[in-house]
Amino acid sequence: KLMRFFIGFLLIVIGFFLVWKTEAIVGFAGYSDWAEKNLGTEGGTRLMYKLIGIGCIFLGMMAITGLYEGFMEATVGALFVR
């Protein structure tokens, strides 16, 4: 349980910084041609980093509360039926 909490908290922190410091991340990592083409004209890369950050926060909250395994089984579990 402690490891699950630690991993969830780490995901939340990473996601928070992805959303909060998007401009610094774009300055460090650069622009994504795919994101600029498909997510918007000027702010597609920023939107992509923010969406990834929100996804990290969502996964971190599920990991802390123990809902991660149930969510994965209900959504993508059907793709890996034995």
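Visitor: The charged end of which residue sits over the ring of tryptophan 20?

Guide: This is a predicted model, where local features need pLDDT of at least 70, side-chain atom pairs count only at pLDDT 80 or more, and totals for chains, interfaces and linings use all residues. Residues are numbered from 1 along each chain as its sequence is written, and side-chain values use heavy atoms, leaving out hydrogens and water. A charge sits over a ring if NZ of Lys or CZ of Arg is within 6 Å of the ring centre and within 35 degrees of the ring normal. At 4.5 Å from the centre of the tryptophan 20 ring, the residue is lysine 21.

Visitor: How many aromatic pairs are there?

Guide: Rings of Phe, Tyr and Trp (its six-membered ring) pair if their centres lie within 6.5 Å. Planes under 30 degrees apart count as stacked, over 60 as edge-to-face and the rest as tilted. The count of aromatic pairs is five.

Visitor: Is the pair of phenylalanine 16 and tryptophan 20 stacked or tilted?

Guide: The ring centres of phenylalanine 16 and tryptophan 20 lie 5.4 Å apart. Their planes meet at 35 degrees, so the pair is tilted.

Visitor: What are the planes of phenylalanine 17 and tryptophan 20 at, in degrees?

Guide: The ring centres of phenylalanine 17 and tryptophan 20 are 5.7 Å apart. The pair is tilted because its planes are at 40 degrees.

Visitor: Is tryptophan 20 buried or exposed?

Guide: Buried means under 20% relative accessible area, exposed over 50%, partly exposed in between (1.4 Å probe, protein chains only). Tryptophan 20 has 52% relative accessibility, so tryptophan 20 counts as exposed.
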